[in-house]
Amino acid sequence: NKICVIGLGYIGLPTSGIFAQAGYDVHGVDVNQDVVDTLNKGEIHIEEPGLPDVIKQAVEAGKIITDTKPTEADVFIIAVPTPVHEDHTANVTYVEQATESILPYVKKGDTIIVESTIPPRTIYDNVAPILTKAGWDLENNDLYLSHCPERVIPGKIMTELIDNTRIVGGYTEEAATKAADVYRKVVKGEIHLTTALTAEMAKLMENTFRDVNIALANELAKIADKLDVNAHDVIHLANMHPRVNLHHPGPGVGGHCIAVDPYFIIEKAKDVTPLMQAAREINDSMPDFVVEQVDKLTENISNPKVAVLGLTYKGNVDDVRESPAIDIVFQLTNSNKDYEVFCQDPYVKDKQVPLKLHSLEDALENADVALVLADHNHYKEMDTALFAEYMKTPVVFDTRNCLPEAKGETIIYPIGNLSG
Ligand code: SAJ
């Protein structure tokens, strides 16, 4: 059995690894020659716990071969990105190009699965027409086309790929059955069969649910600032109710999923999505709110030195894409308050960001304020005595509510309430 995986990023590469482990011959495809060369050496170009060993073993055993072009296979999995245009509409070009790229290689009876996150109706309106134009009769299952959205969380991809439930949305019922058979070989979680359109919407609603709930928590942080109440105490107590699960406020929603996916619904239903649109605005406004709070904390200080701890979009990952922390750093450095900003992040390497990175001690040394923007375990387990030891004034603004209790003279402010 042969699988051809198109797109070897955060989803395609782990998926290739897991199918190779299950005994499949995997032909991985990436348009980037450097990625192909790296993988054929048994090395990897992304960071994800557990992934390097799986890929190394599979490449050494000849179970994964990588190329810039697809090849004949029984199953094709498309896992390419769907970025957004400036106007927030989805760019499905890569999905369309990936579909076109397999046309010379597909044969009757093959299974084609799109895992990329796509706006509702993309399978029917964009992907299927490419295949039907090439002469394949999808209604009669010449090819089995389906959408099986990925739902794994960065940092835990290798376990979630196996344990999570999967939604398998077929172009036809038979297509869903075929795709489910493919995943049954590797997935321990339940597999639910539905239509391609329902699968598209279910995936998008999962991330939208989270975006809207985070917006509610962020709005609470702003209310807390106005009414002088601690938002985290409110959340902690409200969540003791059996049917309440308030999310956590923070410096904004980053990453390439939650901050993007609601737009895929909004673009198809602009008039009836005021809640989703407001949630996006609220979450996008958080970097401004954080900068305003830093302004307040440094009100009487000229040329304040700010130590920024954490640049990634969330804790314990190395991903800085769409990270609100980067936005905050640039707002501070470009502000007319002459901030001196020293950034530190245990996961981020110099070449990933157009910023100079420092050690924790150098960042804190003589700083007026420390600003925590990612909830890395390093900070959760940090000795808070370090703040008083290195900083000029041990004032800490923990936008993630992740630090242990303050020791000595250190004051730790939560997001939304500068009176603590
Ligand atoms: N965040 C908050 N407050 C919270 C929770 C999260 O501010 O209470 C922030 C995070 O710090 C981060 C952003 O939201 O900046 C998103 O982080 P996340 O951990 O919620 O999600 P992602 O983007 O890493 O992964 C999500 C997951 N979706 C859901 O949990 C519904 C994952 O399962 C999906 O596979 C992934 O999107 C995707 O690829 O779509």
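Q: Let's start with α13. Which strands does it lie across?
A: Helix α13 lies across β9 and β10, and its direction is at about 160° to β10. Keep in mind that this is a predicted model.

Q: Okay, and what sheet has β9 and β10 in it?
A: An open sheet of 5 strands, in the order β10-β9-β11-β12-β13, with parallel pairing. The edges are β10 (340-344) and β13 (411-414); each has a single partner strand, so one side of each has no neighbour in the sheet. From one strand to the next, the twist averages 20°.

Q: How many bridges join β9 to β11?
A: There are 4 bridges between β9 (residues 305-309) and β11 (residues 369-372), and the two strands run parallel.

Q: Which strands does α12 touch?
A: α12 packs on this sheet too, touching β9, β11 and β12 (395-398). Its direction makes about 165° with that of β12.

Q: New topic: what's the strand order in the 8-strand sheet?
A: That open sheet goes β3-β2-β1-β4-β5-β6-β7-β8, and its pairing is mixed. Its edge strands are β3 (64-67) and β8 (191-195), each pairing on one side only. Here the twist averages 25° from one strand to the next.

Q: In what sense do β1 and β2 pair?
A: Parallel: β1 (residues 2-6) and β2 (residues 25-29) pair over 5 bridges. For one example, C4 has H27 in β2 as its bridge partner.

Q: And where does α4 pack?
A: On the sheet, where α4 (residues 93-102) touches β1, β4 (75-78) and β5 (111-114). The directions of α4 and β4 make about 160°.

Q: What about α8, which strands does it lie across?
A: Helix α8 (residues 196-227) lies across β6 (144-147), β7 (166-170) and β8, and runs at about 145° to β7.

Q: How far apart are the axes of α4 and α5?
A: They are 9 Å apart, and α4 packs with α5 (residues 122-133) at an angle of about 30°. That makes α4 roughly parallel to α5. Their crossing is right-handed.

Q: Which residues meet there?
A: V95, E96, T99 and E100 in α4 meet T122, N126, V127, I130 and L131 in α5. The contact divides into 4 nonpolar, 3 polar and 2 charged residues.

Q: Last one, the ligand. How many residues surround it, and which are closest?
A: The ligand has 21 residues around it, and the closest are H247, H248, G250, G255 and C257.

Q: How does that shell split by class?
A: The shell around the ligand has 9 nonpolar, 7 polar and 5 charged residues.

Key. Residues numbered from 1 in each chain as written. Predicted model: local features only at pLDDT ≥ 70, side-chain atom pairs only at ≥ 80, totals over all residues. Near = placed C-beta within 6 Å. Nonpolar A, V, L, I, M, F, W, Y, C, P; charged D, E, K, R; others polar. Pairing = 2+ DSSP bridges. Axes fitted to C-alpha atoms, helices over the stretch in contact; angles between N-to-C directions. Contact = placed C-beta atoms within 7 Å. Parallel < 35°, antiparallel > 145°, perpendicular 65-115°, else oblique. Left-handed = near helix turned anticlockwise from the far one by under 90°.
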